[in-house]
Amino acid sequence: MFSHYIDLSWRSFKRTPLVSVLMVMAIAIGIGVTMTSLSVYHMMSMDPIPNKSSQLFAVQLQSMDEGETWFSPDSIPYQLTYKDTDHLLNADLPYKRAALMKTGFSVHLNSDKIKPFLETARVTSRDAFEMFNLTFLHGGVWSLEQEQNAAPVVVISETMSKKLFGTENGVGQTLYLDDLSMRVVGVIQDWQLHVKYYDPNNGAFNDPEQIFIPFSLIKAHEINTWGNTNGWKHEPVKVFNDKLESEKVWLQFWVQLNNESEKQAYSDYITNYIQDQKKLGRFNREQPEFKLRDVNEWIIYRQVVNEDNKIMVALSFMFLAVCLANILGLLLAKFLRRAPEVGVRRALGASKRQVFYQHIVEVGMLGLFGGVLGILVAQLGLLGIRQSYSYYESLANMDISMLMTAPIIAISACILAGIYPAWLVCRTTPSTYLKTQ
Amino acid sequence: MLKMNNISKVYQTEMVQTHALRDFNLNVEEGEFIAVTGPSGSGKTTFLNIAGMLEPFSSGEYLLDGIDVGKLNDNQRADLRNQKIGFIFQGFNLIPDLNLYENVEVPLRYRGIKAAERKRRIEQCLEQVGLASRAKHLPQQLSGGQQQRVAIARALAGEPRFLLADEPTGNLDSLMARQVMELLEQINRDGATIVMVTHDAELARRAPRNIQVVDGQLADFTLYQGKPNVAVGA
């Protein structure tokens, strides 16, 4: 019967083409708007590193004195001091870890081959590349010795390599970061990331950096941050070393803990570290406080998807509801107009259930057409967002799950809107119409 | 075949109660051809609708082939209607979007008959009413008489034992009316039980048994002028 119902639905479309097209357009616009906002929301909130998100932990230490408060939800600073970062990075522990800082330079080749340009860069440590699943196309990460000795080495992305050297393999070439001459030791595949989870401070949806240099260069070359520096007490910073020794927080720190026991062991280590620091006059709190948040917890905690985005999705669903209300009205008119035919079908042996299913299949088909057209409308919407806001460029896309979701939402919504008209028409008393047709 | 005991049908509004049928008793034997006459508003169509299970009744007992219709749910009534009853309406009630073949196919689809068997029955029924060559035509491309013959073919396709006809010739000229009547008589001779509501006294006289409905009650004034045909039910 299902194929018969589809055939009847198609005939019904052809019988009232204007109303049918109107309904499909209404669904398409509703679905288009909904899917546009839902796709952006989906990309914002999706797990950026699904195979590892439960093993990578952002480390937060409550380094403020008792009574001090922070603007974070739990009053713990988002970032770490240099002292703590340096200590955790060099701790004698078996866990992979990464210290991170956003910086930037004037990049050039000390020649007239290319015009110097300002570019952000990421100061980090060796493990970061493996932890964050970065793939080397040529060369590799700098050595431990180079990291410890603040060697002037750099890892760049393939795009940066092509831009600077005209080739994907820039290993062995030299580039300049301000006045620092740096040798390229590795070229990685471009880091494709929708959410810059490892450092959402200056925009969670900015593109990841394309230049990576060893953490030890911070001290060696007094490299300052291009990100946020926050303090909670007055500390004069006259020279760069003052900042390194201060309680100002300006660095990110991630650790990879593969199971619960590793997490527990690392927690114990941090607790002991805080106790040790207390003896040195830091961490003046009764109870040591720190947090280890995995990637998804971190994204929620940092409110990467903010309330405005959620409201936008809710509004778009309300718009879809308005479209559906219109469709409901049109369906009511269309179905009730068909009551005489339903009367005949009932007289010829159709049960109420069969009549109901026939009409539900029709609205489902309507939803399918609307959903497919809605995907096109959503593509236009996403194109508009990409062209208007480059910040959203990587987010304003529909992935396969959203493409599949669109018709499902459309069909479900239409069936929801069609239940009442279908129920009403299936309750038609056949005898009412048989005499009057 | 059909037995109604003290059937009443009351239409109730806020202001008034209308008794369309009251203490209506009728026994129809298999193979009978009954003409139901009566003035407008007397309850003929209500009787036919209740007989066809298109309307519920308010009280009484209705047995169709021994089955107590009052105890059936909607699905069971639909199944029973589909299997045992064929309808012929005054206004033909063909579905305008479907061609003749598809119109005749409608009750067969609801019965779940397979495509090959459907085809056989449809072709046979259209042949029987003389419209096999018009199978792909739409109803509006036919005359009134032809449309009624299609409606009869549709009613016959399910091989029902019981045909209910509501003014089957009401919209036809006298020549076409006679042709349709002859067709119904032939169907009756083939074994189907027919109950036909009509205003046409001449047509009513051609039926072996006449009953008259007046004020929702039965006046059975022509009793078995001839023996009912032998039942050859499907």
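Helices, of at least four residues, and strands, of at least two, are DSSP runs numbered from the N terminus. The legends below use these names for a predicted model.

**View 1. Chain B at a glance.** By that count, chain B holds seven helices and ten strands. Of its 234 residues, 49% are buried. Take the contacts in chain B between residues at least 6 apart in sequence: 71% of them join residues at least 24 apart.

**View 2. An open, four-stranded sheet in chain B.** Follow the strands across and you will read the order S2-S1-S4-S5 (chain B), with antiparallel pairing. At the edges sit strand S2 (17–28) and strand S5 (67–68) of chain B, each of which pairs on one side only. Strands of a sheet pair through backbone hydrogen bonds, either parallel or antiparallel. Zoom in on strand S1 (residues 2–12) of chain B, and you will find five bridges to strand S4 (residues 59–64) of chain B, in the antiparallel sense.

**View 3. Where chain A touches chain B.** Here 20 residues from chain A meet 21 residues from chain B. On the chain A side, the elements that give two or more residues are helix H1 (2–15), helix H12 (339–347), helix H13 (352–388) and helix H15 (430–434) of chain A. The largest share of that side, four residues, belongs to H12(A). Sorted by class, the side of chain A that touches chain B has six nonpolar, seven polar and seven charged residues.

**View 4. Helices H2 and H13 of chain A crossing.** The axes of helix H2 (residues 17–45) of chain A and H13(A) come within 6 Å and cross at roughly 45°. H2(A) and H13(A) are therefore oblique to each other. The crossing of H2(A) past H13(A) is right-handed. In this contact, 17 residues are nonpolar and eight are polar, with no charged residues.

**View 5. Helices H11 and H14 of chain A side by side.** With axes 9 Å apart, helix H11 (residues 307–337) of chain A packs on helix H14 (residues 400–426) of chain A at an angle of about 30°. Angles under 35 degrees count as roughly parallel, so H11(A) is roughly parallel to H14(A). Their crossing is right-handed. From H11(A), look for residues including A:Leu320, A:Ile327 and A:Phe335; those they meet in H14(A) include A:Cys414, A:Tyr420 and A:Val425. The contact of H11(A) with H14(A) has 17 nonpolar residues, one polar and no charged.

Notes: Residues numbered from 1 in each chain as written. Chains lettered and ligands numbered in written order. Predicted model: local features only at pLDDT ≥ 70, side-chain atom pairs only at ≥ 80, totals over all residues. Contact = placed C-beta atoms within 7 Å. Nonpolar A, V, L, I, M, F, W, Y, C, P; charged D, E, K, R; others polar. Buried ≥ 20, exposed ≤ 12 C-beta atoms within 10 Å, placed from the backbone. Pairing = 2+ DSSP bridges. Axes fitted to C-alpha atoms, helices over the stretch in contact; angles between N-to-C directions. Parallel < 35°, antiparallel > 145°, perpendicular 65-115°, else oblique. Left-handed = near helix turned anticlockwise from the far one by under 90°.
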